Amino acid sequence: MAAQAETYVYVSNADDAVITSYTLNRTTDTLEPLETTKAGDAVMPMAISPDQRHLYASIRSKPYRALTYRIDEETGKLTQQGSGSLPASMANIDTGQSGSYLFSASYASDVVSVSPIDDNGIVQDSQQTVKTGHHAHAMHASPDNHYAFASNLGDDQIAQFRFDSDNGHLVSNDPSTVKTPENTGPRHFIFSPNDNYVYVLGEFTGAVTTYAYEASTGTLTKKFTEQGIPDTLNLTQGVARETIKEGDDTPRIWSADIHITPDGRYVYISERTSSTISTFKANPENGKLTYLRNQKVETQPRGFQIDDSGHYMVVTGQLDDSVGLYRIDPKSGKINRLDEAPTRKNANWVEIVSYD
């Protein structure tokens, strides 16, 4: 273990095929560049193993694969240890709660997959591929690791699965799906820290829908929807990007990522067209969100992340040369920019690890 507390930040840069690493210095409130690590063309979604010893990165160019990197706890440096094949270009990856399996979701191929992770923390070739609704965008296990969910942006639904954590096998739950509000385009989603709620971000509306999670059945029940894009941004309803005709430059809602503070009090979403992040206050008792504010950040923020203390946020912009460091005000949830550090082309995903 490191002699003192260390926090490291990892950013995937799709167009330069690298992962850039940084040290988050909590004493000086700065991001300090650490190293640049070779990955692969269109390196995008990443995930951290539950024990924080490995970083996984999905390569969205052929051959589709998930790379495994060992994280040096003392230096933060990455060492590639393996490469497991994936059945398609995966828009999102995540581990199950035990760290024994990697989930992935494919927007273009309408599938989700499960890949085993061996005892050394290395992702192996995918072992199961499941056809799902249109445009699977994200997949995560339930807090108890008995169920899994996948967003289907093209069908306005969340697919519900039973998950056998012993053999990594998925089967459809009953019911197999739960609907999201019409024409929202469900994209990324997160569980509340108390495990009682799921917050689903609509890419086309910037609204977040709260679902109650029933642990005994592994099913979701829709409760509330709160808009996160203010009228002052002058954005129209979003659509699937591949349907936009050449020459159509209408400013549309294009929401991307969603995260929650560890105490469950604030939820944040990113919107790429306006290059902003919106803040919601969350009620942990009933899951209801209340929109608070919208703030400018890096240009076209596809991804951002909150550290485990809940004090810092790191934001990337796909069209920005820098990654931004922000402090989260615990009383108001407001984010205040502290520092920036250089990044590479098409920075799109962020992961943060901390060691005591």
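Which side chain meets that of Arg327 in a salt bridge?

**View 1. Salt bridge between Arg327 and Asp29.** In this predicted model, the side chain of Arg327 meets that of Asp29, with 2.6 Å from N to O. The two residues lie 298 positions apart in the chain, Arg327 in strand β26 (residues 322–328) and Asp29 in the loop between β2 and β3. Arg327 is partly exposed, at a relative accessible area of 30%, whereas Asp29 is buried, at 17%.

**View 2. Salt bridge between Asp307 and Arg26.** The N to O distance between these side chains is 2.8 Å. This pair also joins distant parts of the chain, 281 residues apart: Asp307 sits in the loop between β24 (304–306) and β25 (312–315), and Arg26 in the loop between β2 (18–25) and β3 (30–38). Asp307 has a relative accessible area of 1% and is buried; Arg26 has 30% and is partly exposed.

**View 3. Salt bridge between Arg272 and Glu203.** Here the N to O distance is 3.9 Å. Arg272 belongs to the loop between β21 (266–271) and β22 (276–282), while Glu203 belongs to the loop between β17 (197–202) and β18 (207–214), 69 residues away. Both are buried, Arg272 with a relative accessible area of 3% and Glu203 with 5%. Elsewhere, shared partners connect Arg26, Asp307 and Asp308 in one salt-bridge network. The whole structure holds nine salt bridges.

View 4. Thr95 lies in strand β8 (residues 92–95). Thr95 counts as buried because its relative accessibility is 6%, under the 20% cut-off. Leaving aside residues up to four places away in sequence, Thr95 touches Ile48, Ser49, Pro50, Tyr56, Tyr101, Leu102, Phe103 and Ile117.

Key
Residues numbered from 1 in each chain as written. Predicted model: local features only at pLDDT ≥ 70, side-chain atom pairs only at ≥ 80, totals over all residues. Heavy atoms only, no water. Helix = DSSP H or I, 4+ residues; strand = E, 2+ residues; numbered from the N terminus. Buried < 20%, exposed > 50% of the residue type's maximum accessible area, 1.4 Å probe, protein only. Contact = heavy atoms within 4.5 Å. Salt bridge = Lys/Arg side-chain N within 4 Å of Asp/Glu carboxyl O.
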